[in-house]
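Hi,

Here is the structure I promised to pass on. Have a look at it first, and my notes follow below.

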Amino acid sequence: MLSKRFGKTAIGTLAGAMLLAAAACGGGGGGTTASTAPSSGAPQEGAALKVGLAFDVGGRGDKSFNDAAYAGLEKAKTDLKAEIKELSPAGDGSNRGDLLRQLADAGYNPIIGVGFAYGEDIKKAATEYPEIQFAVVDSASNAPNVTGLLFAEEQGSYLAGVAAATKAKSGHVGFVGGVENDLIKKFEAGFVAGVKSVKSDAKIDIKYLTPDGDFSGFKAPDKGKVAAEKMYQDGAEIVYHASGDSGLGVFQAAAAAKKKAIGVDSDQRLTVKEADLQSVIMTSMIKRVDVGVFEFIKAFQGGAKGGSNVTYDLKVDGVGLATTGGEIDDLKADIDAAREKIVSGEIQVPAKP
């Protein structure tokens with residue numbers, strides 16, 4: 001189910017552009033937004049489309065990043081009649097490369113790695129299986145048969161910051177990041193910039209659950225709860241999380257404190273099952289991983305070539321805010337204005353804190 005959100009949808013137009021760009025540039029590597037998907041690995045007419053997907057840590061059921069990717073895979077099954085296969089890594093993610101090889105050896109093509117941590121493993125697998133096309137979410141293309149599916153997380157997070165600062169009467173908000181790495185810092189940077197654009201003197205508490213390289217921060221709800229509890233106790237009215245499955249703990253802390261939180265990746269007011277937690281989720285920063293996954297598969301089926309990146313930003317509605325629950329409906333004018341300024345280039349959102 002697609003959530004309601006501010007902005008116009010242009011993903012279909014982007015998919016057509018990817019196919020045209022692929023045909024025009026012959027699959028050369030290194031572009032940042034032009035083309036996607038495979039060359040030699042495209043299925044022959046009438047052949048079954050077999051798509052493999054390897055989750056990041058936390059796996060299917062995280063109600064966030066991985067589940068968004070799975071939604072795109074399921075759409076390919078329904079709309080493109082694809083045979084699909086999903087695999088989840090070990091707790092520490094150490095067997096990511098093995099998962100890719102399992103899918104390749106079983107005849108799946110294309111294969112998608114969900115998460116930046118697959119970057120090096122995808123590169124190795126792409127070399128070992130040059131006839132197979134790969135995509136990696138949140139990491140750039142690093143081989144002729146690899147497509148990078150990238151997102152402007154900082155832009156969507158800016159809008160989340162505008163919403164948080166406008167709703168927080170005291171001007172005190174918080175941010176919980178799962179792992180302190182460059183990707184999650186994009187969420188922080190955009191959020192802080194959005195908050196400051198509304199209230200320059202706002203107080204923003206920031207906490208990362210684990211250091212760079214320790215991905216357990218994405219599946220530690222207990223740590224997320226402790227971090228958010230401290231922020232609420234110190235006076236934060238709204239906490240935004242970019243912490244995968246750990247966000248459940250943030251929502252639990254918000255419910256206990258009778259305060260608000262902002263979800264991430266999926267419309268978490270819809271994906272979180274507990275009614276008492278749904279009501280604390282003011283909005284979610286939507287990251288359309290589902291669209292990126294589906295459009296890559298669709299372009300592969302159409303014969304598009306890989307070796308470059310596709311970036312999903314506000315201009316193509318690749319990121320945005322969910323409006324389920326109506327809690328930010330009164331902010332529509334403010335959020336739309338910020339969005340338009342970002343799309344036009346009037347506002348340059350930082351990608352680093």
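Bear in mind that this is a predicted model. I started with a pair of helices: α3 (residues 96–105) and α4 (residues 119–128) have axes that come within 9 Å and cross at roughly 30°. That crossing is right-handed. On the α3 side the contact is made by Arg96, Gly97, Leu100 and Arg101, and they meet Asp121, Ile122, Lys124, Ala125 and Glu128 of α4. By type, the residues in this contact are three nonpolar, one polar and five charged.

Staying with α3, which of its residues are buried? They are Arg96, Gly97, Leu99, Leu100, Leu103 and Ala104. These sit on the same side of α3, because they cover an arc of only 160° around the axis. Among the elements covering them are α4 and the strands β1 (50–54), β2 (83–87) and β3 (111–113). Just after the helix, Gly107 has a positive phi of about 90°.

Now for the cores. The largest nonpolar core has 41 residues, and Tyr158, Phe187, Phe191 and Tyr240 are the ones that touch the most other members. Helix α5 (residues 153–167) gives this core its largest share, seven residues.

Cheers

How values were computed
Residues numbered from 1 in each chain as written. Predicted model: local features only at pLDDT ≥ 70, side-chain atom pairs only at ≥ 80, totals over all residues. Heavy atoms only, no water. Axes fitted to C-alpha atoms, helices over the stretch in contact; angles between N-to-C directions. Helix = DSSP H or I, 4+ residues; strand = E, 2+ residues; numbered from the N terminus. Left-handed = near helix turned anticlockwise from the far one by under 90°. Contact = heavy atoms within 4.5 Å. Nonpolar A, V, L, I, M, F, W, Y, C, P; charged D, E, K, R; others polar. Buried < 20%, exposed > 50% of the residue type's maximum accessible area, 1.4 Å probe, protein only. Arc of directions from axis to C-beta. Core = buried A, V, L, I, M, F, W, Y, C linked by side-chain atoms within 4.5 Å.
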